[in-house]
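Subject: Handover of a structure, with notes

Dear colleague,

I am passing on the structure we spoke about, and below it I have set out what was found in it. Please read the notes with the structure open beside them.

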Amino acid sequence: MNSLSTVCAAMIAGATLLPAAELKIALKPVAEGLTQPLTYTQLPGGTGLVVDQPGYVWRIDPDGTRPTEPILNLTDRLSPINHGAFDERGVLDLALHPDFESNRRVYITYTAPRRASAPEDWDCTLRLSEFRLPARQPLVIDPTSERILLEIDQPFSNHNSGRMAFGPDGLLHLSVGDGGNANDQGKRPESGNGQNLRTLLGKIVRIDVNKPGAGTAYSIPADNPFVTGGAGLPEIYAYGLRNVWGLSFDRGGTHELFAADVGQNLLEEVDIITKGGNYGWSLKEASVAFDAKTPNKPPGTVPTTGARGESLIDPILQYRHPGAKKDPEAFGISITGGYVYRGKALPELIGQYIFGDWSRNWGMPLGVVLAAQRPTETGARWTVTPVQVEQPQNFGAYITGFGQDRDGELYVLTNASNGLTPGKGRVWKIIPVQ
Ligand SMILES: [Ca+2]
């Protein structure tokens, strides 16, 4: 088979219909004319904030209007990005401080130009910064209020992750990608960042943003897993992750931390993150063994432990990429994490983890909304069900993120193109079918 017919076969496979969906939703437009929205969150009172990857934070007023000027423009602080093309750099996430109403602090992650101390052949520096959003009108994030908390150099342009979630402990959890390229084969000093406890690449870090530490703008929680013993960097909370795209705490239940980890060539996964957990990458891709030399052919022997004898934790769910054969459990090629639904409008979704996949195919906007149901049996995998978008019909978009409002209702963020093409990005609210 020549390469063109391989591509055609893959496109046809990606376009085949999903199994009949038991769950149905409608999407109500919230914002359009964006480029690639990655985050939707709400201020007290219902004003929405939307992160648009090329450098903007927009405000959606409670009446639904979006002012013509962004609430924050970070374009002059970003690393170079490929406008009009696929790119994983830019503004990546925004999170409100748990005490936002009193301190008006917001946290933003973005890719900054490579800092002077980074190796010359590395790409950019992931930056976590605090900003202030004063209560006065007009409501704008003060760009001069930036306080840089953490910088992590990135060897390649992709796999920056940079997703944030404040826990019930008040601590900031930040996912950091494995540094990119592919197969966890980084640049100097070495490859295998996911398992390397001397780098923050391929990790979830947990820090206290409320007080400075020794030589840092943040402090290390006393019970972080590597605070003592010297086995790893003290910021590390969990490791063995590739490129988490979607990090959220369940606002109900036992407040579990869900991370959707984008896979390499075969499998997408969701993990429930626990302190000190090793999630396997790149010894494993989801539940199968991984060898960077044969990324499409998992070795037969599946490793069960990391370098220190610790158990490798399997995902709570995983699914395959669509291939040449029809496969009802091959939902897409790049997972987009969401939230456990704790809203009121869609009772049938309560307690399910609502997420999606960017697309079933690289070249076609075939994003998929998915719901995962917790198993009744301890240790069993969660059951994944496709969710049918009934309205609008022909919902053709790449799914770039999910959002949650003050009431626990969920939002879907989309891009009709696979690149940073102005005008193709939208935000939708998930509502019942009318
Ligand atoms: Ca894993």
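**N158 and its surroundings**

The side chain of N158 reaches the backbone nitrogen of N181 at 2.8 Å, a polar contact (a pair of N or O atoms within 3.5 Å; within protein, one must be able to donate a hydrogen and the other to accept it, and residues adjacent in sequence count only if both atoms are side-chain atoms). This is a predicted model, in which local features need pLDDT of at least 70 and side-chain atom pairs count only at pLDDT 80 or more, whereas totals for chains, interfaces and linings use all residues. Residues are numbered from 1 along each chain as its sequence is written, and side-chain values use heavy atoms, with hydrogens and water left out.

N158 sits in the loop between strand 9 and strand 10 (161-166), where strands (E, at least two residues) are DSSP runs numbered from the N terminus. With a relative accessible area of 17%, N158 is buried; buried means under 20% relative accessible area, exposed over 50%, and partly exposed in between (1.4 Å probe, protein chains only). Leaving aside residues up to four places away in sequence, N158 touches E88, G179, G180 and N181, contact being heavy atoms within 4.5 Å.

**Salt bridges**

The whole structure was searched for salt bridges (a side-chain nitrogen of Lys or Arg within 4 Å of a carboxyl oxygen of Asp or Glu), and 23 were found. One of them joins E146 to R77, with the closest N and O atoms 2.6 Å apart. This pair links distant parts of the chain, since E146 belongs to strand 9 (residues 142-154) and R77 to the loop between strand 5 (72-73) and strand 6 (91-96), 69 residues apart. R77 is partly exposed, at a relative accessible area of 23%.

In the salt bridge between E130 and R105, the closest N and O atoms are 3.8 Å apart. Here too distant parts of the chain are linked, E130 being in strand 8 (residues 124-132) and R105 in strand 7 (residues 105-113), 25 residues apart.

**Strand 7 and its partners**

Strand 7 is largely enclosed by the rest of the structure, because eight of its nine residues are buried. Strand 7 runs antiparallel to strand 6, to which five bridges join it, and L96 stands opposite V106 in strand 7. Nine bridges join strand 7 to strand 8, again in an antiparallel arrangement, and P113 stands opposite C124 in strand 8. Two strands are taken to pair if DSSP finds at least two bridges between them.

The protein donors of the calcium ion are two OE entries of E269 and the O of Y279, at 2.3 to 2.8 Å from the ion. Donors are N, O and S atoms within 2.8 Å of the metal (3.2 Å for Na, K and Ca), and water is not among the atoms, so sites may look incomplete. Both E269 and Y279 are buried.

With best wishes

How values were computed:
Helix = DSSP H or I, 4+ residues; strand = E, 2+ residues; numbered from the N terminus.
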